[in-house]
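Subject: Handing over the model

Hello,

Here is the structure I promised to pass on to you. Have a look at it first, and my notes on what turned up follow below.

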Number of protein chains: 2
Amino acid sequence: MRVIVLGGDGYLGWALTLRLIARGYEVVAVDNLYTRRAVEECGSTSALPILNTVERAKAIKEIFDGNYKFYMADVTDYHELYKIIEESKPDAIVHFAEQRSAPYSMRSARHAAYTMYNNIVSTINLIYAVKEIDKNIHIVKMGTLGEYGTPNFDIPESAFVDAHINDKKDSIIVPKFANSWYHWSKVHDTNNLIFANKLWGITVTDIMQGPVYGSRTKDIRDERLFTRLDFDETWGTVLNRFCVEAVLGLPLTVYGRGGQTRGFLSLEDSVEALARLIEHPPETGGYRVVNQFTQAYSINELAKIVSNAAAKLGIEVKADHIENPRVEKEEHYYNPERKVLPSLGLSKPSVDIEDAVYEIIRDLSNYKERLEAYKEVIMPKVRWR
Amino acid sequence: MRVIVLGGDGYLGWALTLRLIARGYEVVAVDNLYTRRAVEECGSTSALPILNTVERAKAIKEIFDGNYKFYMADVTDYHELYKIIEESKPDAIVHFAEQRSAPYSMRSARHAAYTMYNNIVSTINLIYAVKEIDKNIHIVKMGTLGEYGTPNFDIPESAFVDAHINDKKDSIIVPKFANSWYHWSKVHDTNNLIFANKLWGITVTDIMQGPVYGSRTKDIRDERLFTRLDFDETWGTVLNRFCVEAVLGLPLTVYGRGGQTRGFLSLEDSVEALARLIEHPPETGGYRVVNQFTQAYSINELAKIVSNAAAKLGIEVKADHIENPRVEKEEHYYNPERKVLPSLGLSKPSVDIEDAVYEIIRDLSNYKERLEAYKEVIMPKVRWR
């Protein structure tokens, strides 16, 4: 099996690369290193130290003797992308090469426009390259559960759903309502992919993933293999950010009342789910939607989990309810369907969330001094209003 | 009243500019002249000769003594746009500065990506500039009825609609299903505008317009004031294309069975509707959706109208059913709500469609020789599949 990972230098991209290499697959990673630069633009860095791309390739060679190739290239450049796909002849292409931060997209007109441009054009280029080169290549596209917002209906794992509108029945694209330019760019991607699937029969797995937490997977057994771990207001997802706050002795920054409920999963479960989705593609020409999470938690529940795990390491933490910089419902219905992952043998979290959080805090504790310098980038400054 | 017309050099942009100038308003027109170049890229030209931008400004001065200013600028450049809006202090901004051809967007990866980039980023820039400079500026955004496709439900004039999904009720964005990258870019714009309206209270009129036909408005009483009229496979809307075919003695190119039904309106009715929508904005912070057409026709009915009008000028035409280059239903339900325009006094077409078509054919007949050179760009070559 040969897999191209677009965005292969990122949090998930690098961790998935290691999982595929460990499984004996050939991996062609593509990245423009935008995230490394953009995190620096925000005055921050990865909480765990990561190697540069040359050292990473060397580590894969030494530790796994893996078949790995890295291209520094930009997926918004159609001809670069086309050449790489044409030469690599992959079975699947995983598309992570998107600007992935909601707060980053809300910083200014430039950040909003960049997010729209980069995410939408990269996906359009991927669609066309696959259509032109080989329609059997399976596109595995990373989306987000945030595309749906928090609707009153149960979120199905499908592109279309039956709806009754003014007493008439129709099959409609599952309704979405995103809450940032980033999340909207993903909705636009989904719409574009559904259209391409209908028109050209391109095979797609569209992954609606919840926030991921974790510093390790089974493959990350050596510090040279660390994947980036972001924690600042712009790039850090909530649970990873809470862990850094715990290590630094800061109160956990709960946005608003903390009743916001999302489906979460660990880094280990995310890469394992991705590997299985690649190994078990939908039928050729199919469009598969996956609600990718293992369990739903409210932000308040997460704060409790972090405080319990930290206590085991002798760290006392408290939660602070700070003004919510985002515009989102803080109490709401939430019920995404979850059938695809269980059908691939992933019914439950592989590790208990408190154990995973314990592991993150332990890993981070070794880098406490490094993190002290970044205290000011944790509190939210980007406001939605 | 001071109005900025983004895309002021185009078919509608120029015609609306003349209507607003004739009403005594100040108009600031902005255009990057992309359409002029892109039509040439497709080997075509405007069927009616149009002046360049300097001559156009001079004609407005001489004929109307109008208060008119033209900027050659690109709306995807945030700082250019910001400066123009800040200096002009407009009451309303009409946004026509979008790539407006479905076939153009379907030509290649580059054309698809350009359409997405230009249309989405220009709208994002407009949203941010208005938010930063003055949230009371009324954004009048040109969308298309094509955003909806041909749904089984009645298309309401609203951003949201109640829907029952799996026995649960929710308010959802009115479902869309577009049939080209161009139409999808407009759906993405609509979603982005609805989000901006919810988040920042920006005042929007989102116009879902049907195809426009016509060579004249009441203001175009002099050939110096001609607006562009496109007729080729890429840039010509169906009725204008049929008229050129009639003049050239070519059979009318009906795509497929010709049962495709759309809501049409004349250029006169389009600019009058636009002027009234500008004069009667929604309440501040409101989001108004307008289904802008005066009557629905099938393509077969249009072919009949053209053949009747042509007969009055002694021209005999026949219709050819050619293979449909697009992917679209050729028989379907179609019922868009139509309340906003009647509430502004526009219940019916101001001119009979057959009379308007007669006028187009008569205008075009004066330029028959000029058109002879462009016969080959009429037949569709860009195919959706």
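**A strand pair to start with**

In chain A, strand β1 (residues 2-6) pairs with strand β2 (residues 26-31) in the parallel sense, over five bridges. Strands here are DSSP runs of E of at least two residues, helices are runs of H or I of at least four, and both are numbered from the N terminus; two strands count as paired if DSSP finds at least two bridges between them. Within this pair, A:Val5 stands opposite A:Ala29 of β2(A).

Helix α1 (residues 11-22) of chain A packs on the sheet and touches β1, β2, β3 and β4 (92-95) of that chain, with its direction at about 165° to that of β2(A). Contact means that the C-beta atoms of two residues, placed from the backbone, lie within 7 Å. Axes are lines fitted to C-alpha atoms, for helices over the stretch in contact, and angles run from 0 to 180 degrees between N-to-C directions.

**Conventions and confidence**

This is a predicted model, in which local features need pLDDT of at least 70 and side-chain atom pairs count only at pLDDT 80 or more, while totals for chains, interfaces and linings use all residues. Residues are numbered from 1 along each chain as its sequence is written, with chains lettered from A and ligands numbered from 1 in the order in which they are written.

Chain A averages a pLDDT (the predictor's confidence in each residue, from 0 to 100) of 97, and 100% of its residues score at least 70. For the complex, the predictor gives an ipTM of 0.97 and a pTM of 0.97.

**The sheets**

The open sheet of chain A has seven strands with parallel pairing, in the order β3-β2-β1-β4-β5-β8-β12. Its edges are β3 (68-72) and β12 (287-292), each with a single partner strand, so one side of each has no neighbour in the sheet. On average, neighbouring strands are turned by 15° against each other, direction ignored.

In chain B, seven strands form an open sheet in the order β3-β2-β1-β4-β5-β8-β12, again with parallel pairing. Strand β8 (residues 204-209) of chain B pairs with β12(B) in the parallel sense over six bridges, and B:Thr205 has B:Arg288 as its bridge partner in β12(B). Helix α9 (residues 267-279) of chain B packs on this sheet, its direction making about 150° with that of β5(B).

**Where the chains meet**

How many residues does the contact take from each chain? There are 37 from chain A and 37 from chain B. On the chain A side, α6(A) gives the most, with eleven residues. That side divides into 25 nonpolar, seven polar and five charged residues (Ala, Val, Leu, Ile, Met, Phe, Trp, Tyr, Cys and Pro count as nonpolar, Asp, Glu, Lys and Arg as charged, and the others, Gly among them, as polar).

The axes of α7(A) and α7(B) come within 10 Å and cross at roughly 155°.

**One helix pair within chain B**

Helices α6 (residues 109-133) and α7 (residues 181-200) of chain B have axes that come within 9 Å and cross at roughly 20°. That makes α6(B) roughly parallel to α7(B).

Best wishes

Conventions. Parallel < 35°, antiparallel > 145°, perpendicular 65-115°, else oblique.
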